[in-house]
Amino acid sequence: MEAEIAKFSLPDGLSTLTGRTAMATRLWPEERMDVARELGTHFADGLASGRTAEQLAADFGNPGDAAALIRDAKVRCRPLWWKSFRWVIRGAAILTAFALISYGYLAARYFWGAPVIRVNYTAQYNAPILATPKEQRAWPMYIEAMRELGPQPEWYKEQGLWPASPEDPHWAEAVEYFRAHEHALKLVRKAAAMPTLGYVFSNVSDPEYMKALEARNPTFKYDASLETAQENPALVGVLLPYLGEMRSMARLMKYDAAAAVAAGDRERFMADLEGALNLGDQALRGKFIIDITVGIAIGQLAADMAMQQLEADGAAGGKPLLTGEDERRIAHQFAALGGGRVRIDPESEGRSWEDMLQRLFSDNGSGEGHLIKAAADDFYRDFGVANPTNNKFVKVAMPVVAAMKSSRGEIAAQVKAVVEAMHHDEELPLWRAFERTADAEYEKLYARCIGPLLIAKDLAGNSPYQGIFANRDLLETRRAAVETVCALKQYKRAHGSYPADLEAMVPALLPAIPIDPFNGKPLRYKLAGEGSGATPLLYSVGVDGVDDGGTFSPNPDDKGREANPRLIGAFHDPKAATPVQVKEMERSHGDWMLYPPRIDRVDSGKLKAMQSRPSK
């Protein structure tokens with residue numbers, strides 16, 4: 001450039017001004033050379049016209065301002081492709097700046113936000129329990145019974161099953177165990193009859209319960225230092241050891257009842273049956289959905305106990321164990337189970353989710369908020385689950401991911417939709433199960449979940465509500481079947497034979513004819529045989545909805561179509577059935593036999609199979 005400017009033989013001041021101005025334009029090199037030539041020509045013409053260098057420099061003005069004007073003029077003349085490229089670069093820079101500012105905002109609220117825990121649901125659940133005197137709580141009595149039961153027999157620890165009949169291995173040892181622990185079993189029955197379970201909810205173990213576990217298993221030692229009590233633990237984090245113990249105690253009732261039957265001890269059988277029913281009823285009054293599911297399972301166990309004995313009492317040539325008064329008592333006890341109808345409490349699910357949202361999200365005071373890292377970290381820590389955000393790449397992305405997923409308000413709205421659907425489904429009978437929508441709403445909730453909420457979803461009960469409602473409906477049918485069979489026994493005692501139809505017992509012995517859960521019509525009833533020797537058949541049409549005259553499924557491996565209610569929708573609309581459902585439908589024909597009961601002797605079969613295997 002200096003060489004080009006020198007060609008114009010300008011005075012030093014104008015040469016310097018020309019060079020400074022050309023360089024100040026910050027144009028491309030070729031454009032700066034053009035500017036230098038144009039300025040050189042301009043100054044050379046001015047000198048030729050008789051003006052001085054000082055005049056020309058003064059008229060030229062500030063070189064920076066001139067350079068800016070020249071640059072704008074030159075840039076406007078550049079080609080279109082360059083102008084387009086410049087706009088792309090500028091747009092990218094603006095977007096980058098916006099992204100960095102936005103990320104900074106999202107990161108600040110994600111990494112430094114704090115939850116506002118307004119409600120202590122655990123304290124609310126515990127308040128009525130703590131207000132109940134300890135002597136009126138069943139849980140301490142259960143613990144006392146556990147201590148008295150002491151270590152379980154070695155053979156039971158290995159196989160995990162009690163013998164169900166005198167033909168089973170270890171029958172004599174089991175009978176002796178039940179005899180030796182008669183007082184402990186009485187404590188279980190007494191505790192089950194109490195109106196309040198009395199378990200205080202906490203995220204740490206009950207020390208007295210741990211001592212009972214140590215008494216049951218001398219090799220187990222409880223270390224309280226491994227647990228830290230929280231004043232306000234998450235509902236999904238409270239420990240519920242009573243559920244497993246209640247199921248175990250219900251099984252003890254079942255097998256002690258078998259020993260009682262073998263010994264001809266009617267009062268003991270009745271006490272065990274009532275104990276099992278009370279255990280189920282106590283669980284049904286719990287605060288959580290899982291309490292209800294356990295109560296339903298225990299209720300089904302009690303129904304099996306009753307039906308097996310009612311069937312045995314009807315065997316030809318056998319001496320009945322139960323009296324007419326016992327049968328009336330059994331009918332009344334089953335009628336009272338769950339207050340007359342087992343209810344699934346949808347609000348308990350809503351409370352669990354509300355509790356999780358208040359712990360994992362911020363709170364703007366109006367029900368809105370965003371996921372917070374510290375709260376999520378606490379959740380992973382408390383539940384001993386690997387924290388995926390410890391990965392540095394995941395950690396960097398989490399503020400954006402959290403912002404892209406549903407907010408607290410959106411998840412809360414979907415939780416409300418689930419609860420409303422559960423209320424709707426709760427009232428629908430089993431034969432309309434395909435109209436239930438809670439599962440579909442729950443899947444929408446699952447799709448909105450993120451990070452710890454996915455874990456929380458599983459902890460809160462990642463199981464279809466359809467199955468819970470269906471098991472409840474099946475228990476209601478089993479309950480009605482027990483009441484009906486008890487009425488049939490009463491009728492035969494009065495008339496010498498069973499009635500030709502169920503209407504003959506209504507309303508004197510039976511309030512109403514029970515409804516078939518699979519089609520909404522009366523349960524099927526007929527007599528097999530002739531005269532006074534005829535025996536009753538009480539059955540449901542089964543999941544296929546077809547009356548097969550009281551015959552079982554032709555498939556010997558089918559262990560009860562009544563437990564497969566998801567096929568109701570497939571049978572209702574076969575064209576919409578999936579390939580898997582089509583296969584299941586093929587083997588799901590036949591009726592559900594309620595009486596005589598089709599109860600698989602699973603325990604006996606397993607015990608004998610275990611006995612035939614060599615020891616470890």
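In which helix is the place of I89? I89 sits in helix α6, which covers residues 80–112, where a helix is a DSSP run of H or I of at least four residues, a strand is a DSSP run of E of at least two, and both are numbered from the N terminus. The model is predicted, so that local features need pLDDT of at least 70 and side-chain atom pairs count only at pLDDT 80 or more, while totals for chains, interfaces and linings use all residues. Residues are numbered from 1 along each chain as its sequence is written, and side-chain values use heavy atoms, with hydrogens and water left out.

**The sheet**

- Three strands form an open sheet in the order β1-β2-β3 with antiparallel pairing, and two strands count as paired if DSSP finds at least two bridges between them.
- Because β1 (524–528) and β3 (592–595) stand at the edges with a single partner strand each, one side of each is left without a neighbour in the sheet.
- From one strand to the next, the twist averages 35°.
- Strands of a sheet pair through backbone hydrogen bonds, in either a parallel or an antiparallel manner.
- Five bridges join β1 and β2 in the antiparallel sense; in this pairing Y525 stands opposite L538, and L527 stands opposite P536.
- The hairpin of β1 and β2 has six residues between the strands, and in this hairpin G529 takes a positive phi near 105°.
- Strand β2 (residues 535–540) is joined to β3 by three bridges, again running antiparallel, with M593 as the bridge partner of Y539 and W592 opposite S540.
- Strand β2 is largely enclosed by the rest of the structure, because five of its six residues are buried, a word that means under 20% relative accessible area, with exposed being over 50% and partly exposed in between (1.4 Å probe, protein chains only).
- Helix α23 (residues 465–495) lies across β1, β2 and β3 and runs at about 40° to β3; axes here are lines fitted to C-alpha atoms, for helices over the stretch in contact, and angles run from 0 to 180 degrees between N-to-C directions.

**Two buried residues**

- L322 lies in the loop between α15 (289–313) and α16 (324–336), and it counts as buried because its relative accessibility is 3%.
- Leaving aside neighbours within four places in sequence, L322 is in contact (heavy atoms within 4.5 Å) with residues including R266, F269, M270 and R493.
- The C-alpha atoms of L322 and L240 are separated by 36 Å, and the two residues are 82 residues apart along the chain.
- E4 belongs to helix α1 (residues 2–6) and is buried, with a relative accessible area of 15%.
- Not counting residues up to four places away in sequence, E4 touches M33 and R37.

**A nonpolar surface patch**

- I89 counts as partly exposed because its relative accessibility is 43%.
- Together with W28, W81 and F85, I89 makes a nonpolar surface patch of about 460 Å².
- Patches are made of residues with over 30% relative accessible area and no salt bridge, like charges being joined within 9 Å and nonpolar side chains (Val, Leu, Ile, Met, Phe, Trp, Tyr) within 5 Å.
- A salt bridge is a side-chain nitrogen of Lys or Arg within 4 Å of a carboxyl oxygen of Asp or Glu, and accessible areas come from the Shrake-Rupley method with a 1.4 Å probe, only the protein chains shown counting as cover for residues.
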